[in-house]
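Please look over the sequence and the model shown here before reading the report that accompanies them.

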Amino acid sequence: MQAAVITAPGVIEIQDVPKPTPQAGEVLLKVDASALCGTDQRVLRGEKPVSVAIIGHEVAGTVEAVGTDVEGITIGQRYAVQTVIGCGKCAPCKRHHQIRCLEGFKAIGYAWNGGFAEYMIMPREGVEQGCLIPIPDDMSAEVATLLEPISCCINGLRFFPFDEMKHVVVLSGGIIGVLNGLVAKAWGAETMTIMNRSQGRLDLIQELGLPFDHLVNTSITDPEAWVQENTNGLGVDGVVVPASAKELVPLGMKLLGMGGHLSIFAGMSKQDPFESIDLNDIHYRELHLHGANSSVRRDYEEAINLITSGKINAESLITHRFPLEQFNEAFKAQADPAVKSLKVVLEH
Ligand SMILES: [Zn+2]
Ligand SMILES: [Zn+2]
């Protein structure tokens with residue numbers, strides 16, 4: 001089978017590799033579509049080590065074969081892949097909350113080969129833990145690749161009390177910023193503001209007709225002053241930090257009003273993850289800081305809901321499509337701001 005294989009940091013070759021055979025408990029998926037994400041870019045550039053040569057964790061596929069002892073999986077059915085797999089034995093795993101696995105979770109495309117190939121295996125642990133999520137018949141495979149990143153935003157935004165959320169700010173106009181904004185809007189945020197330093201990025205969001213209320217270029221507009229002006233000096237109710245820039249956390253806190261919520265959605269540089277913040281600001285203004293890391297099945301199911309109910313128009317986010325053989329072109333298209341891509345999908 002064809003696969004995009006990392007042969008050295010930053011070097012990806014389309015190679016012919018053996019098609020995997022499902023062993024006991026495993027499921028073989030024919031990959032229908034897979035999508036590139038920001039984390040993949042870091043892995044492909046060699047900045048984030050993984051233990052496999054084939055990555056890709058935003059995957060939609062059709063079951064082609066199953067090993068012995070596989071139950072509840074139908075050959076010919078299409079599934080999205082839940083990336084995170086836990087130990088399956090600890091209390092969080094037992095309630096299907098593998099992102100809080102006490103043993104530390106592992107993930108498809110990091111610890112097991114992923115979906116940048118014609119076929120991939122869902123390992124036994126993943127099959128047993130319900131990590132194959134059925135895709136509705138009327139959802140295309142390329143749209144289904146968005147279930148993974150949307151589900152991560154859903155997990156992060158579960159901490160926000162949307163019945164009290166009048167104004168939410170997302171501090172990034174990248175795909176994850178956009179998806180956070182779309183979920184917040186779908187869940188009832190009255191006013192949704194995207195802040196970003198690049199006008200090109202904001203123009204792209206505008207051109208795509210996404211349902212945001214304000215797009216603020218923070219290279220020319222001071223975010224604090226803007227929020228003061230646009231909230232009668234009260235501050236906003238929620239801020240999402242979906243970019244690996246730790247100074248955005250204290251900035252986000254400054255944008256919040258009394259009792260506001262801030263989600264630290266992005267992981268920060270492992271070399272320097274520290275940032276000093278005013279703890280009294282959290283105490284006296286009763287701020288809430290939340291972490292969010294990946295997603296589990298209930299989040300995928302809500303992502304399916306938001307798309308099939310029309311609350312999120314996922315199709316409109318896919319700006320570029322490439323065949324798997326052109327993986328390197330896809331990789332470049334996603335990384336180059338001049339290309340103006342939002343979501344880049346590989347059609348297999
Ligand atoms: Zn991702
Ligand atoms: Zn566990």
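## Domain arrangement

The structure is a predicted model, and the domain assignment of the protein gives two parts: domain 1, made up of residues 2-151 together with 295-347, and domain 2, which spans residues 160-291. Taken over C-alpha atoms, the centres of domain 1 and domain 2 are separated by 28 Å.

Contact between the two involves 12 residues of domain 1 and 13 residues of domain 2. On the side of domain 1 that touches domain 2, the residues divide into 7 nonpolar, 2 polar and 3 charged.

## The parallel sheet

An open sheet is formed by 6 strands, which follow one another in the order β12-β11-β10-β13-β14-β15 with parallel pairing. At its edges stand β12 (214-217) and β15 (288-291), and because each has a single partner strand, one side of each is left without a neighbour in the sheet. Neighbouring strands of this sheet are turned against each other by 20° on average, with direction ignored.

Within this order, strand β10 (residues 167-170) and strand β11 (residues 191-196) run parallel and are joined by 4 bridges; H167 has T191 of β11 as its bridge partner. Helix α6 (residues 175-186) lies across β10, β11 and β13 (236-241), and the direction of this helix is at about 170° to that of β11.

Strands of a sheet pair through backbone hydrogen bonds, either parallel or antiparallel. Strands β1 and β2 run antiparallel and are joined by 6 bridges, and A3 has Q15 of β2 as its bridge partner. The hairpin that these two strands make has 2 residues between the strands, and G10 takes a positive phi near 80° there.

## Helix α12 and what covers it

In helix α12, which comprises residues 327-335, the buried residues are F327, A330, F331 and Q334. These residues are on the same side of α12, because they cover an arc of only 100° around the axis.

Technical notes:
Residues numbered from 1 in each chain as written. Chains lettered and ligands numbered in written order. Predicted model: local features only at pLDDT ≥ 70, side-chain atom pairs only at ≥ 80, totals over all residues. Buried ≥ 20, exposed ≤ 12 C-beta atoms within 10 Å, placed from the backbone. Arc of directions from axis to C-beta. Domains from an automatic or database assignment. Contact = placed C-beta atoms within 7 Å. Nonpolar A, V, L, I, M, F, W, Y, C, P; charged D, E, K, R; others polar. Pairing = 2+ DSSP bridges. Axes fitted to C-alpha atoms, helices over the stretch in contact; angles between N-to-C directions.
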